[in-house]
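Welcome! Have a look at the display, then work through each task with its solution.

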Amino acid sequence: MPMQPSKYIWQDGRMVRWEDATVHVLTHALHYGSSVFEGIRVYRGPNGPVGLRLTDHISRMYDSAKIYYLEIPHELEELVAACKDVVLRNGLHNGAYVRPLAFRGYGEMGVAGDPDAPAQCIIAAWEWGSYLGEDGLDSGVDVCISSWQRASPNTIPTMAKAGGNYLSSILVTLEARRLGFAEGIALSSEGFVSEGAGENLFLVSKGNLYTPPLSASILGGLTRDLVMRLAESVGMSVIEQNIPREMLYIADELFLTGTAAEITPVRSVDRITIGDGRKGPVTARLQERFFGLFDGSTPDEWGWLEPIEREEVRRMDRPQIAV
């Protein structure tokens with residue numbers, strides 16, 4: 001989906017114009033993938049825009065940075081407020097995708113860079129529609145099993161949402177699209193189902209909901225966690241276990257989850273139709289519960305919705321816009 005530029009980006013403590021948010025070509029992260037990031041959806045709630053698990057996302061970015069010995073030179077609360085400020089400054093009241101990024105900057109080349117240098121940080125926000133196609137949420141998507149596997153344990157830390165980790169996802173997605181699929185599903189080094197290029201995976205079989213465990217080299221997705229809790233709230237058991245690929249083919253339902261993908265049903269895997277090839281009742285119910293969070297029909301008993309309010313942003317020293 002083409003990028004939709006907005007007006008401002010928060011960069012290292014101040015707002016700059018979208019076109020002025022630049023870095024040097026010898027920035028370490030550009031050469032070695034030494035960055036950590038998040039993706040956060042903003043929805044229009046009944047009382048104004050809300051960030052879905054905004055603080056949880058920023059907290060996970062600090063965890064990812066810790067794993068890679070990357071020091072973020074800002075307090076968590078400052079970055080949370082900056083995310084809200086970016087949304088408001090850009091007038092994205094009816095929905096936005098927010099991208100915070102921390103990375104090793106310019107100053108020392110070499111593989112390790114300067115481990116004592118603080119990270120540089122940016123936060124951008126723009127309008128972004130459904131990641132897997134506008135009709136994917138209703139009609140479902142066709143996926144394939146990728147020939148590319150996820151990294152085996154003790155190679156790179158898959159629990160970190162790091163830029164370099166997504167080189168694997170690039171290969172999975174490019175292969176899938178070259179073969180005419182919307183997305184690819186990667187297996188773990190042990191041959192079990194892991195995850196999509198940018199999504200976690202769930203399947204429904206005989207009334208139970210299954211998903212691969214963290215040990216299958218997956219990212220512990222916050223939307224994955226959200227879906228598990230929504231399922232449990234309606235009395236559905238959720239089983240985390242190793243899943244052989246053929247279990248996907250004979251599933252009653254299958255769907256992908258993620259900040260960008262939300263809850264997207266899968267209608268076929270490797271050209272094998274899942275169920276009756278349409279969004280199934282469990283997927284539909286979980287979608288209804290998910291999107292109901294934003295119109296109030298699903299009570300937010302978990303505190304996932306964080307209001308994007310000017311009053312809260314004003315409590316911090318708002319950075320000046322660089323012109």
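## Exercise 1: an aromatic cluster

Trp 18, Tyr 97, Trp 126 and Trp 128 form one aromatic cluster. The model is a predicted one, where local features need pLDDT of at least 70, side-chain atom pairs count only at pLDDT 80 or more, and totals for chains, interfaces and linings use all residues. Residues are numbered from 1 along each chain as its sequence is written, and side-chain values use heavy atoms, with hydrogens and water left out.

**Solution.** 

1. Start with the pairing rule: rings of Phe, Tyr and Trp (its six-membered ring) pair if their centres lie within 6.5 Å; planes under 30 degrees apart are stacked, over 60 edge-to-face, and the rest tilted.
2. This rule gives 12 aromatic pairs.
3. Next comes cover, where buried means under 20% relative accessible area, exposed over 50%, and partly exposed in between (1.4 Å probe, protein chains only).

**Solution.** 

1. Phe 290 is buried, with a relative accessible area of 1%.
2. Phe 291 is partly exposed, at 30%.

## Exercise 2: the neighbours of strand 4

**Task.** Which strands are joined to strand 4 by bridges?

**Solution.** 

1. Find strand 4 at residues 40-45; helices (H or I, at least four residues) and strands (E, at least two) are DSSP runs, numbered from the N terminus.
2. Two strands pair if DSSP finds at least two bridges between them.
3. Strand 6 (residues 96-103) runs antiparallel to strand 4 and is joined to it by 3 bridges; here Ile 40 stands opposite Val 98.
4. Strand 5 (residues 48-52), also antiparallel to strand 4, is joined to it by 4 bridges, with Arg 44 opposite Pro 49.
5. Strand 4 and strand 5 make a hairpin with 2 residues between them.
6. As for cover, 5 of the 6 residues in strand 4 are buried.
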